[in-house]
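Here are some notes for a colleague who is opening this structure for the first time. Please keep the sequence and the model side by side while reading the points below.

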Amino acid sequence: MIQTGNPVISIYTEMTPNPETMKFVANKLLYPGKSIDFPEVSAAEASPLAQQLFTFPFVKAVFIASNFVTLTRTGEDIEWQEVIPSVRTFLKEYLEAGNEVIDESKVVQPAKEEVVFSGDEGDVVKRIQEILENYVKPAVEMDGGAIQFKSFKDGKVNLMLQGSCSGCPSSMITLKAGIEGMMKRMIPEVEEVVAEAE
């Protein structure tokens, strides 16, 4: 039987609505069905890949999801077209070598406040989560980001934005005009949608 070695990895880039971020998409799953945000180098202990990406002087933040990495640059003095080739080459070689992307043993799980919703409130939360899963998350992931449900209380939905969505100039428009509008139409109990910091 012929051994073919590691598969050939291809990396392509996609612009995101946030001019400070660039999405690097691989033809390989990096973190299947999950995402993890590294807003700074000190937070990257769980990801050997993110630690390596932070060695590029222009990398301010790293977000890793199913099959892509979103990088946030340090400032406008760095043009994406100048650095994309070196990042693509690095990612291709790193992944082809079979290097570790995420060390699950070092992933810090956020302390979850176990909030139990009952009755009507539980039904509303379930509907909010279904809308997020089916309509919002796929669109946000296409733009190189992620969104997570945090809480629902007194008509207010709290969400957390990650990746390219964090700090994006258009994220508040998306949040208010898009997500909040949809939630209000589909779930009358929702009065407001807000983003909270991680």
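1. With which residue does K184 form a salt bridge? The model is a predicted one, and in it the partner of K184 is E180, with the closest N and O atoms 3.5 Å apart. Both residues belong to helix α4, where they sit four residues apart, about one turn of the helix. K184 is partly exposed, with a relative accessible area of 39%, whereas E180, with a relative accessible area of 11%, is buried because the cut-off for that class is under 20%.

2. The helix that carries this pair, α4, spans residues 171–186 and lies across β6, β7 and β8, running at about 140° to β8. These three strands make up an open sheet in the order β6-β7-β8, and their pairing is mixed. Its edge strands, each of which pairs on one side only, are β6 (145–153) and β8 (192–196). From one strand to the next, the twist averages 30°.

3. In general, the strands of a sheet pair through backbone hydrogen bonds, in either a parallel or an antiparallel manner. Here β6 and β7 (residues 156–163) run antiparallel and are joined by eight bridges.

4. Salt bridges deserve a separate look, and the structure holds eight of them. One of these links E20 with R73, the closest N and O atoms being 3.2 Å apart. Since E20 lies in the loop between β1 (11–15) and β2 (21–26), while R73 lies in strand β5 (residues 68–73), the pair ties together parts that are 53 residues apart in sequence. R73 counts as buried, at 9% relative accessibility.

5. A further salt bridge is formed by K34 and E104, whose closest N and O atoms are 3.3 Å apart. K34 is found in the loop between β2 and β3 (36–38) and E104 in the loop between α2 (80–96) and α3 (119–142), so this pair ties together parts that are 70 residues apart in sequence. K34 counts as partly exposed at 42% relative accessibility, and E104 likewise counts as partly exposed, at 36%.

6. Finally, there is a group to locate in the model: D123, R127 and E189 are linked in a network of salt bridges.

Terms used
Residues are numbered from 1 along each chain as its sequence is written. This is a predicted model: local features need pLDDT of at least 70, side-chain atom pairs count only at pLDDT 80 or more; totals for chains, interfaces and linings use all residues. Side-chain values use heavy atoms; hydrogens and water are left out. Two strands pair if DSSP finds at least two bridges between them. Helices (H or I, at least four residues) and strands (E, at least two) are DSSP runs, numbered from the N terminus. Axes are lines fitted to C-alpha atoms, for helices over the stretch in contact, and angles run from 0 to 180 degrees between N-to-C directions. Contact means heavy atoms within 4.5 Å. A salt bridge is a side-chain nitrogen of Lys or Arg within 4 Å of a carboxyl oxygen of Asp or Glu. Buried means under 20% relative accessible area, exposed over 50%, partly exposed in between (1.4 Å probe, protein chains only).
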